[in-house]
Amino acid sequence: MNRSLLTLSLAAGLALTGALAAVPATAATSVAAPGQHYTASAGAGTAAEAAGNKAFYEAVMKSARAKQAATPFLLTVTVVYDAGSAPTFRNQIASAAQIWNSSERNVQLRSGTNADFRYYEGNDSRGSYASTDGHGSGYVFLDYAQNQQYSSLRVVAHETGHVLGLPDHYSGPCSELMSGGGPGTSCTNPYPNATEKSRVDSLWRNGLAAATAESAR
């Protein structure tokens, strides 16, 4: 939430240094995101933030296009998550999924074991973050200390927002979910605002036809 590690596979010739399957599934374990890192800066509008946001957007779109290709006339993409490795946050994860499902038409989150992404919990000095390899696999890591300092539901909903394609925008107000920890610990809003809802629905609309056109510009 204070930093989101956005990870994806790069072009041929640049190998990943780790594998998502190797992520520890036990509690109280620090998870290091594998591969090349794109870290969104806390300052909005910087070159690093723009590069990270673009990389994350492209990774999410690649995963979603693969789902669409498997079912060409699919209007609503289902993204499956597994919360089994984050038992402390099971209720918050379920509530965050419900919040996003009530906010979106073109993508829905479902709990299951054959998951596209997973939640993990533990201790990490970087705080909570989301990571994806751009192929529908990935994870959200939830840090114990940060979830005690900030509203846990807001943290989980924020990191889940990354899985749906939204970047960080720390300079935003509390009413903006992806402002994360920017507004301070007193902000407990776990809901995306109208712009964020619209953005996610646009990214996943009609098998991502609109998103594909946008990314080609």
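Buried residues make up 52% of the 217 residues in the protein. The model is predicted. It holds 6 helices and 7 strands.

**Overall fold**
- From the N terminus on, the order of elements is β-β-α-β-α-β-β-β-β-α-α-α-α.
- Take the contacts between residues at least 6 apart in sequence: 67% of them join residues at least 24 apart.
- The accessible surface is about 9,500 Å². Carbon and sulfur atoms account for 54% of that surface.

- Strand 3 covers residues 77–85, and strand 4 covers residues 107–111.
- These two strands run parallel and are joined by 5 bridges.
- Thr78 has Gln108 in strand 4 as its bridge partner.
- Helix 2 spans residues 90–103. Together with strand 3 and strand 4, helix 2 forms a β-α-β unit that is right-handed.

**Helix 4**
- Helix 4 runs over residues 152–163, 12 residues in total.
- From first C-alpha to last, helix 4 reaches 17 Å, close to the expected 16 Å at 1.5 Å a residue.
- The helix is largely enclosed by the rest of the structure, because 11 of its 12 residues are buried.
- Buried means under 20% relative accessible area.
- Just after helix 4, Gly165 adopts a positive phi of about 110 degrees.

Definitions and conventions: Residues are numbered from 1 along each chain as its sequence is written. This is a predicted model: local features need pLDDT of at least 70, side-chain atom pairs count only at pLDDT 80 or more; totals for chains, interfaces and linings use all residues. Side-chain values use heavy atoms; hydrogens and water are left out. Helices (H or I, at least four residues) and strands (E, at least two) are DSSP runs, numbered from the N terminus. The expected span of a helix is 1.5 Å times one less than its number of residues. Buried means under 20% relative accessible area, exposed over 50%, partly exposed in between (1.4 Å probe, protein chains only). Two strands pair if DSSP finds at least two bridges between them. A crossover is right-handed if, with the strands pointing away from the viewer, the path from the first strand over the helix to the second runs clockwise. Contact means heavy atoms within 4.5 Å. Accessible areas come from the Shrake-Rupley method with a 1.4 Å probe; for residues, only the protein chains shown count as cover.
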